[in-house]
Amino acid sequence: MVGYDPSKGEVLTSEEFAFAGSASGMVTRALISPIDVIKIRFQLQIERVSIRRPEGKYWGILQASRCIYSEEGITAFWKGHIPAQLLSICYGAVQFTTFEFLTKVVHNVTPYDTRKPEVHFMCGGLAACSATFFCQPLDTLRTRFAAQGEPKVYKNLRHAVPTMIRSEGILTFYRGLSPTMIAVFPYAGLQFFFYNIFKKLLAPPPSSGKSGGNFRNLICGSGAGMISKTITYPLDLFKKRLQVGGFEQARVHFGQVRSYKGLTDCALQIAKEEGFRGFFKGLYPSLFKAALSTGFTFFWYEFFLTVLRDLKERRMSNDLNKDEKER
């Protein structure tokens with residue numbers, strides 16, 4: 001179970017929590033990058049995304065995959081992978097370190113049980129907000145790289161950063177921050193909330209030991225990710241639309257483009273032009289991504305925590321044995 005557990009005490013340091021979080025983010029990002037690129041393309045398309053009534057460039061997951069592959073090659077599914085990896089590594093480190101810290105603070109200064117789902121909701125939401133603010137520039141870069149087609153507007157990370165600062169100003173890296181911060185608290189909070197609940201519901205009987213633990217972590221994380229994503233999805237779509245503001249020239253050959261003055265204007269324009277379904281464009285690949293992303297994130301985080309704890313306990317055991325021999 002993630003979070004501070006007073007019954008077990010604290011074995012790992014903040015640096016080790018940060019390592020486990022960043023390693024989890026790095027492995028997960030490499031695995032889910034292709035579906036993330038497809039999801040972003042769907043979110044940014046103004047025309048209807050529908051297999052039955054295709055209107056835009058993309059209208060289905062398999063069709064979009066074939067289209068991107070034929071036009072841009074296999075590497076297109078990892079467009080923006082370097083800023084995305086930096087984002088995942090930084091985000092995972094900040095989020096999980098902050099979460100572990102906050103759950104310990106709750107235990108030390110409040111009467112609440114840190115193992116309760118509602119505590120995990122609050123701590124998870126606050127941890128994600130801190131990670132989001134810290135990593136937002138990398139998220140904007142990742143979105144720009146994933147959204148551009150051919151010819152490329154940005155050749156690489158070193159070209160993108162000074163170009164964006166020169167043409168749009170430093171604050172462009174925080175485009176879409178308002179809907180992101182509004183969405184990330186409930187989204188991440190619900191992830192930790194439902195992961196906590198599912199872990200308890202699927203907990204094996206004491207006699208079974210630790211068998212199947214890693215697979216349960218994957219299932220619990222996937223379920224938590226899908227529920228959380230569905231509830232908060234429209235805000236994620238608003239964020240993506242706002243992040244590509246000022247980037248319209250690279251989007252023309254994908255279909256129609258729009259400019260938004262802010263979060264409220266974005267929501268109103270989508271409602272007027274695209275209807276209620278417009279708020280959920282790209283939901284299916286996003287749910288698939290959320291299931292994989294959240295499932296793998298918790299799976300790898302707990303996996304790396306277990307490895308670090310085992311190594312630390314083994315080291316401590318060896319030190320004790322060595323001391324006894326010396327005596």
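Is R241 buried or exposed? In this predicted model, R241 counts as buried, because its relative accessibility is 4%, and the cut-off for buried is under 20%. The residue belongs to helix α7, which covers residues 213-243.

Once residues up to four places away in sequence are set aside, R241 touches Q43, L44, Q45 and I46, and also Y260, C266, I270, E274 and K281. With one of these residues, E274, the side chain of R241 forms a polar contact of 3.1 Å.

## Where helix α7 meets helix α8

R241 also takes part in the contact of α7 with α8, the latter being the helix of residues 263-274. The axes of the two helices come within 10 Å and cross at roughly 105°, which means that α7 counts as roughly perpendicular to α8, since angles of 65 to 115 degrees fall in that class.

On the α7 side the contact is made by L237, F238, R241 and L242, while α8 contributes L263, C266, A267, I270 and E274. Sorted by class, the residues of this contact are 7 nonpolar and 2 charged, with no polar residue.

## Where helix α3 meets helix α6

From α3, the residues Y91, Q95, F96 and F99 meet V184, A188 and F192 of α6. The residues of this contact divide into 6 nonpolar and 1 polar, and none of them is charged.

K116 is placed in the loop between α3 and α4, where α4 spans 117-147. How exposed is K116? Its relative accessibility is 37%, and K116 therefore counts as partly exposed, a class that lies between the cut-offs of 20% and 50%.

Apart from its neighbours within four places in sequence, K116 is in contact with N196 and K200.

Key. Residues are numbered from 1 along each chain as its sequence is written. This is a predicted model: local features need pLDDT of at least 70, side-chain atom pairs count only at pLDDT 80 or more; totals for chains, interfaces and linings use all residues. Side-chain values use heavy atoms; hydrogens and water are left out. Helices (H or I, at least four residues) and strands (E, at least two) are DSSP runs, numbered from the N terminus. Buried means under 20% relative accessible area, exposed over 50%, partly exposed in between (1.4 Å probe, protein chains only). A polar contact is a pair of N or O atoms within 3.5 Å; within protein, one must be able to donate a hydrogen and the other to accept it, and residues adjacent in sequence count only if both atoms are side-chain atoms. Contact means heavy atoms within 4.5 Å. Ala, Val, Leu, Ile, Met, Phe, Trp, Tyr, Cys and Pro count as nonpolar, Asp, Glu, Lys and Arg as charged, and the others, Gly among them, as polar. Axes are lines fitted to C-alpha atoms, for helices over the stretch in contact, and angles run from 0 to 180 degrees between N-to-C directions. Angles under 35 degrees count as roughly parallel, over 145 as roughly antiparallel, 65 to 115 as roughly perpendicular and the rest as oblique.
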